[in-house]
Amino acid sequence: MTVDSILFDLDGTLWDSTEGVCESWNRVFAQRGISLNASRRLLASFFGKPMTAIFDELFPLLSADERDALRKECCAEENRLLADKGGTLYAGVPETLERLSKSYRLFIVSNCQDGYIQTFLNVHGLGGLFEGFESWGRTGLSKGENNLLVIKRFGLKRPVYVGDAAVDEQSAAAAGIPFVYAAYGFGTVGSFNASISSFPEIERTLQRLNGHCND
């Protein structure tokens, strides 16, 4: 196959925003008198899931309306804090994306809230490298459905999905496209078409998928 486009997951693939997310959620929890501490370990177990599912699991005793209000407050504080502080880009992300953008059409598809991808692009100055993005927060759709939406919207012919978690593997399968596993990220997966142990490896991996690389 000849890959023409790349759909990227965000958390655990392009950046690690865990520190900022923990800080923002804990601010909200403290203001509301909630004793739960949002830690890196806690959040890592939820990355990849839609925010509604995360808050359903964290706060099963709250009413649906109470959970929804808390979720929206945490998401808003999260976007504000990350817009100010940013997250930690994985090594080689900016320069590798710059090179990739010359040969492939780049997109982000994430299960995050609306505003989160925009914050990532703005705070790190990467918006000009991506042709588009989609998220659960904008559509209410699963990641697989959003993959299909982006593929149809932009007329992609031979895309691949790059992500670090089982939900990413499942979303690629749902869209019928190859999956590249970012093994340096947060999660584990069952199967993949290729894997990378650091972000810059994606270039050589795509060459292999395109049949242009001999090891």
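The following legends describe close-up views of a predicted model.

**View 1. Helix H1 crosses helix H4.** Helix H1, which covers residues 18-32, and helix H4, which covers residues 64-85, have axes that come within 8 Å and cross at roughly 135 degrees. The two helices are therefore oblique to each other, and H1 passes H4 in a right-handed crossing. On the H1 side the contact is made by Gly20, Val21, Glu23, Ser24, Trp25, Arg27, Val28, Phe29, Gln31 and Arg32, and these meet Ala69, Leu70, Glu73, Cys74, Glu77, Glu78, Leu81, Leu82 and Lys85 on the H4 side. Sorted by class, the contact of H1 with H4 holds nine nonpolar, three polar and seven charged residues.

**View 2. Serine 24 in helix H1.** This view turns to a residue that belongs to helix H1 and is among those that meet H4. Serine 24 has a relative accessible area of 0% and, because buried means under 20%, it counts as buried. A polar atom of the serine 24 side chain lies 2.9 Å from the backbone oxygen of valine 21.

**View 3. Helix H3 crosses helix H4.** Helix H3, made of residues 51-58, and H4 have axes that come within 10 Å and cross at roughly 120 degrees. This angle makes H3 oblique to H4, and the crossing of H3 and H4 is right-handed. Met51, Thr52, Phe55 and Asp56 of H3 meet Arg67, Leu70, Arg71, Cys74, Cys75 and Glu78 of H4. By class, five nonpolar, one polar and four charged residues take part in the contact of H3 with H4.

**View 4. Helix H4 packs with helix H6.** H4 and helix H6, which spans residues 116-123, pack at an angle of about 10 degrees, and their axes are 9 Å apart. That angle makes H4 roughly parallel to H6. The contact joins Glu78, Asn79, Leu82 and Ala83 of H4 with Tyr116, Thr119 and Val123 of H6. Sorted by class, the contact of H4 with H6 consists of four nonpolar, two polar and one charged residues.

**View 5. Arginine 105 in strand S4.** Arginine 105 lies in strand S4, which is formed by residues 105-110, and with a relative accessible area of 27% this arginine is partly exposed. Not counting residues up to four places away in sequence, arginine 105 touches Asp4, Ser5, Ile6, Glu131, Phe154, Gly155 and Leu156. With one of these residues, glutamate 131, the side chain of arginine 105 makes a side-chain polar contact of 2.7 Å. Arginine 105 and proline 159 are 54 residues apart along the chain, while their C-alpha atoms are separated by 8.8 Å.

**View 6. Serine 45 in a loop.** Serine 45 is found in the loop between helix H2, which covers residues 40-44, and H3. With 47% relative accessibility, serine 45 counts as partly exposed. Serine 45 and cysteine 22 are 23 residues apart in sequence, and from C-alpha to C-alpha they are 13 Å apart in space.

Technical notes:
Residues numbered from 1 in each chain as written. Predicted model: local features only at pLDDT ≥ 70, side-chain atom pairs only at ≥ 80, totals over all residues. Heavy atoms only, no water. Axes fitted to C-alpha atoms, helices over the stretch in contact; angles between N-to-C directions. Helix = DSSP H or I, 4+ residues; strand = E, 2+ residues; numbered from the N terminus. Parallel < 35°, antiparallel > 145°, perpendicular 65-115°, else oblique. Left-handed = near helix turned anticlockwise from the far one by under 90°. Contact = heavy atoms within 4.5 Å. Nonpolar A, V, L, I, M, F, W, Y, C, P; charged D, E, K, R; others polar. Buried < 20%, exposed > 50% of the residue type's maximum accessible area, 1.4 Å probe, protein only. Polar contact = N/O pair within 3.5 Å; in protein donor to acceptor, adjacent residues only side chain to side chain.
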